[in-house]
Each structure stands twice: as structure tokens, then as C-alpha cells.
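Subject: Structure handover

Hello,

Please find the structure below, with its sequence. My notes come after it.

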Amino acid sequence: MIELFIQALGIAAPGLADWPQARAVLAGHTAWANAELPPYQPALLPPNERRRVTPSVKQAFRAAEDAVSRYTGAVDQLAAVFASSDGDLGIIHRISLALTETARAVSPTDFHNSVHNAAAGYWSIATGSRLPSTTISAYDDSFAAGLLEAALLATASGHDTLLVAYDVPGPPLLQAARPFIGAASVAVILSPSSGPQTLARLRLSLGVGAVSTMPDLALDALRLGNPALRALPLLRALALGDPAAIGFALPSSQGLRVEIAPP
Amino acid sequence: MTPLGIRHYTLTTALGAGRASQLDALRNGSTGLRAEPFESATLPGWIGVVAGLDTPLPTEYSAWDCRNNRLAEKGLAQDGFTEAVAAARSRYGGARIGVFIGTSTSGVLQTEQAYRARSGTPEQLPPWFQHAHTQNAYSVCDYVQRRLGLTGISNAVSTACSSSAKVFASAQRAIAAGFCDAAVVGGVDSLCLTTLYGFNALQLLAADICRPADANRQGLSIGEAAGFALLEPAAEHALRLEGYGESNDAHHMSAPDPEGRGALAAMRQALAGADTQPADVDYINLHGTATPANDLAEDHAVFALFGAAVPCSSTKGWTGHTLGAAGIVEAGLALTALEAGLIPQSLNTRHIDPAFRSQIVHSAQQRPIKRVLSNSFGFGGSNCSLLFSRP
């Protein structure tokens, strides 16, 4: 069991454009209505880098920037974990297509953006943070695996640690192989110690338990429609503000149990 | 940090399958690189191919069948690794052994081939394409976990060329916090057209064989590899992970910080974690990809911390740059160097770049060594340094 403190939250998903809006929906104060996310330009990136980033990196930044907008610590002192099942399917599509053509002209920008840690790289450039960061995948369970990785990194390093989970749909050929309901990202800033900003105390442990779902069917479809949105039951409990225990699947027989208590 | 014991490890590279082939090649100075094409590629250059990946996976794993998982299968079968994990399973239970596997491109060769076979209106990929079990970054971790009968925590680390160095850090943190008692770490990355044509598009691929630290180095030769290590609390084991360091460059997506500040931070952390001084390090296995900018930036960082006092070499002249597997390959070669008392030379290096100030090893040295640092740096400015020792 390890104990961490949530300092800030961020989200960008269909009908949940940022954490203030999501908190109202998840607490049951307003109804969820499906709505596409408006266009977005990462505010922290220098203009020349902003031009090069892909929809997948933008999606990661959206939730991360939402979370850091309410974080009082220094962003260049955040360690980071990025968790994505599939990274950038759009780039895999373009490169795979280019490789079927005679010239095999792979775009150099596409290639350097094709690494799974592209968002982590741009985040480090945007914030100037040289602190440890990692990027993982655990397929559908990437959020819970990322939460555990971030909690372990915060505990071992002593740094406040930003977790960003994100996935974006691919073009039709790959959407058929890996369907997502829409682009989504969730960000959580975890701290090894509590402070005046702390939203809640988390206790993480392993155990075989029931996987938490969303009581609202449309929101549960969202939960299942994008690996980042497996976070929704945790976010709902945080929006409600009551003590709770949330169960997540991990890619093995054991699940992850997250107990939420006031700071 | 609390040191971790390396209970067992294995490597399969272009030098051959298993540890003995790696050591033989290091002793003989014979490269695993060949000037030959891969699949349908028509690029000039040298590659490091692992032989014998034509056999499909066992029937019950046919959904996972792809070059990357075949490479994982071959790697797991060497040096009694699977048996060592089975013994650990009986000591700890399968649910108490974590699995952390690094990969850069996973089974994307399968996707490339599926795109060639797309058909219909609207176009569709062929029914044999199994995205979840081949292309997805987690698929190789999933495969390894299933093959070893383990049900503990797991994730795939994909941070380009530092991926399978960072798995050691993830495993150390998970064991220290009690989320597992032991861990299988590793890296598997296989040849594909994406990386060959991608590095070629960035003008980082050498037409000649790769020549790390050479005055006329032109870029990298790509290789493929699988390697694994079984990590346990240190007590009775001979070989140890004593420290690790992780950092970001905060500089550029595909070019290193010329000052090597991120690399320096990673090396410093690795030493600090082990409460070790630069003078205690006997050999540095460089990332040394043989691109002009990478080798120079790494030399800056190494010289800043170690001066010219510590022998350094890249082993990419033997194996090629195995990308997502580079971390585990060079961890394995660092452990081999410790066990054999061998400091390998910078293979294929003809004239050491006169701008370099660190001590690049031109001829192999045979003498007992106690502590080795291994560097792995990747795109996105992701750096990881590992410090290994023997008692």
C-alpha cells in the first residue's frame, strides 16, 4: 500500500471540456451532453514546436495544461508519467501508407513524432523540466497502470508527479482495428505529501476486486470507449468528495484498488 | 536506493542467441552487422539481424505471431531464462513477479505488411491483422507475461531508445514499495521498414557500417534484439543494479542537447543513488549511436563528470542500434563485461574524433572490473543511466 495526495486534476473528453465542467457533470449537478472538443493550441509550447505537434500530443497537453492551471507548484519541478495505449495512430497510418508507395518517402517530422514518448518530449521542452519522466502502455488498462507508475515515481523520487493518460482515434483503417469513442485525456498531479492545495488522499493497493463502473450508461460508454476514460469512476468519486474505494482492472489477474479519503 | 540483485539474464542479438555468443564476439572483435537488405528495403547500409525468426509462434499464441513476439520467444528460450523464472515463480508466486518490457516499435512490421495487403471499397486491412496482439506497444509485454505464467503488475515502457533501460527503474520502484517481490525486465525491438526509412529520412542512417566516436562517423546501423533480466532483492546475488538515473533534455525531439545536460543529470543520479563517486566507475558503456551530434553531446557529458579517467566505449559496432532493446542489450553487455573482466573496444572506430575528450577505448582491455555505467538516450530527450556492480 502506498499513500499519495492529489494536487490537481485535468480532463479533455467529449462533453467534458475541462475539470470544472467535468466536476459539475460527474457530481450530478449538470447533465452530460455529447459535444466535440473545440480546437486547441497548447499554450505552454513555443510557437515553432506548436506547429509540429500532432493531434495526439495536443490531446495530452489539453488535460495536462488544464491540471497545471490550478497547480500552485512549479511546472518545471514536476516528474511525469505519460500513459497511452496507442500513442499516435495517425502517424502509424501515414508512415505505413508511405511505405506501400514506390518512393517510400517517410516524413522526417512524422518519424520523430512517431515515438510513443512524443508527448513526454514536448512536455519537457514546454516546461523546461529535466526531471524523470516515463511513457507506458498497458492497452485498455493504461490509465490504472499509469496511475500506479506515477504513484511509485512520486514515492521514490519525492517529486510531485504529473500523470497524463490520453488516446485519440486513428484514421478509418486503424479505427476498425482499434475503435475509440473519441479523443480523450485525463491528468492527475500526485504529491508524496499533503499541502494546502490537496484535493484528496489516495491509498493504492493490489487486489482482486470488482471493477468500478459509472452509474450513468452514457458515461459508462465513455469509460469503455477510450482507455484514458477508464479514470471516470475515480474522477466521479473525487467530484462527489466522499470517501470511496475504486477498483481498476490491470492487465493480469490482479486489479488496482484506490481508496479515496479527505486530505 | 536499495540495490537489486540480477538473479539471471539473457541476450539475443545479431551476435547470436544467448550470452555465450555475445562474449565470444566481444572477445573476437567480430561484428554481428551485415551489409544486407531487410525484407523489401532497398536502402544501403548495414543491419544487425537475429537469425531464425521464420518459425511461427506455438498455435495457442498464433494471435500474437509477428516478428517482434517471435524475437521475444527466441530470447526467452536462451540461457535457461524461462526455467529461472519458473523457479522464482515457485518461490514468490506468479502474482508477486512484475513484468516491465521496453519496446520502441513493437510489432509495427505487421501493420506495414497489413497496409500492403489492404483491399476493398472502402479499404480494409486484412483479417489476419491483429492490432492488439502485435502492433500495440503493450503486446510484447503481454506475450512475455503469458509465456512466463506471471500475473503480477506489468507495463510496456516505450520511450524510444531508452525504453529498456528505464524498465530497471520501474522495477526497482515497484519492488521497493512492495508491489511485487521480484521482476522480469527486458526489451524487445525488431527490424521494420518504419525505423529504416524513418532514420534514413532524418539522415541519421549510415551507408557504411556504424563507427561510434570515429572522426568520420556517418550515423547508425540498426539492429534487432531481445534481452531479459530477473531482478530480486540483492542479498545473495553476485551482480547488482546499484543505481539508476532518469532525466529529460527539455531541448529537441530528435537532436540531443549539445551540452549534454540531461545526460549528465542521468549519470549523476545513477552515481548518487549508489552513493558512488565517478572514480569508482571502471567502465562506461556509452549510448554511442555513431551519429555526429549524439556521440559529441555524450562525450561532453561524460567528460564533464568523469574527465578522461574512465574507459568508455559504445558496443553498437557489434550489435547495431537496437532502439527499444538498446537499454537491455547494453545492460546485458555491461554485466558480461563485469563477469568476464573485459572492457570492450569501440568496434569499427578507425580514428577517434579529435574533438572528443573522454577516454574512448581503442583496444579491448582484459582486467577485473567492479562497476560499470550504461547509458541509454532516446528521441524526445529521454535519458537513462544504469550502474551495475559485482561484489
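This is a predicted model: local features need pLDDT of at least 70, side-chain atom pairs count only at pLDDT 80 or more; totals for chains, interfaces and linings use all residues.

Contact between the chains

Chain B puts 58 residues into the contact and chain A puts in 55. On the side of chain B that touches chain A, the elements giving two or more residues include helices H4 (108-116), H5 (131-135), H6 (139-147) and H7 (163-176), along with strands S5 (154-157) and S9 (240-248). By residue class, that side of chain B divides into 25 nonpolar, 23 polar and 10 charged. Strand pairing also crosses between the chains: strand S3 of chain A (residues 133-137) runs antiparallel to S5(B), joined by 2 bridges. There, A:Ile136 is opposite B:Val157.

Nonpolar core

The largest nonpolar core has 223 residues, and those touching the most other members are A:Leu163, A:Val164, B:Ala183, B:Val184 and B:Leu231. Helix H7 of chain A (residues 142-157) gives the most to this core, namely 11 residues. What does B:Ala183 contact beyond its neighbours within four places in sequence? Its contacts are B:Ile97, B:Gly98, B:Val99, B:Phe100, B:Ala171, B:Ala174, B:Ile175 and B:Leu231.

Helices of chain B

H6(B), one of the elements on the side facing chain A, is mostly covered, with 7 of its 9 residues buried. The buried residues are B:Ser139, B:Val140, B:Cys141, B:Asp142, B:Tyr143, B:Val144 and B:Gln145. Their cover includes helix H2 (67-76), strand S4 (97-102), H5, S5 and strand S6 (182-189), of chain B. After H6(B) comes B:Gly149, with a positive phi near 65 degrees.

Helix H12 of chain B (residues 326-340) has 15 residues and spans 20 Å from first C-alpha to last, close to the 21 Å expected at 1.5 Å a residue. Of those 15 residues, 13 are buried.

Strand S1 of chain B

S1(B) (residues 4-13) is largely enclosed by the rest of the structure, because 9 of its 10 residues are buried. Its pairings are as follows:

- With strand S8 of chain B (residues 225-233), S1(B) is antiparallel over 8 bridges; B:Tyr9 is opposite B:Ala229.
- With S9(B), S1(B) is antiparallel over 2 bridges; B:Gly5 has B:Arg240 as its bridge partner.
- With strand S2 of chain B (residues 16-17), S1(B) is antiparallel over 2 bridges; B:Thr13 is opposite B:Gly16. A hairpin of 2 residues joins S1(B) to S2(B).

Regards

How values were computed
Residues are numbered from 1 along each chain as its sequence is written. Chains are lettered from A and ligands numbered from 1 in the order in which they are written. Two residues are in contact if their C-beta atoms, placed from the backbone, lie within 7 Å. Helices (H or I, at least four residues) and strands (E, at least two) are DSSP runs, numbered from the N terminus. Ala, Val, Leu, Ile, Met, Phe, Trp, Tyr, Cys and Pro count as nonpolar, Asp, Glu, Lys and Arg as charged, and the others, Gly among them, as polar. Two strands pair if DSSP finds at least two bridges between them. A nonpolar core is a set of buried Ala, Val, Leu, Ile, Met, Phe, Trp, Tyr and Cys residues joined through C-beta atoms within 7 Å. A residue is buried if 20 or more other C-beta atoms lie within 10 Å of its own, exposed if 12 or fewer, and partly exposed in between; C-beta atoms are placed from the backbone. The expected span of a helix is 1.5 Å times one less than its number of residues.
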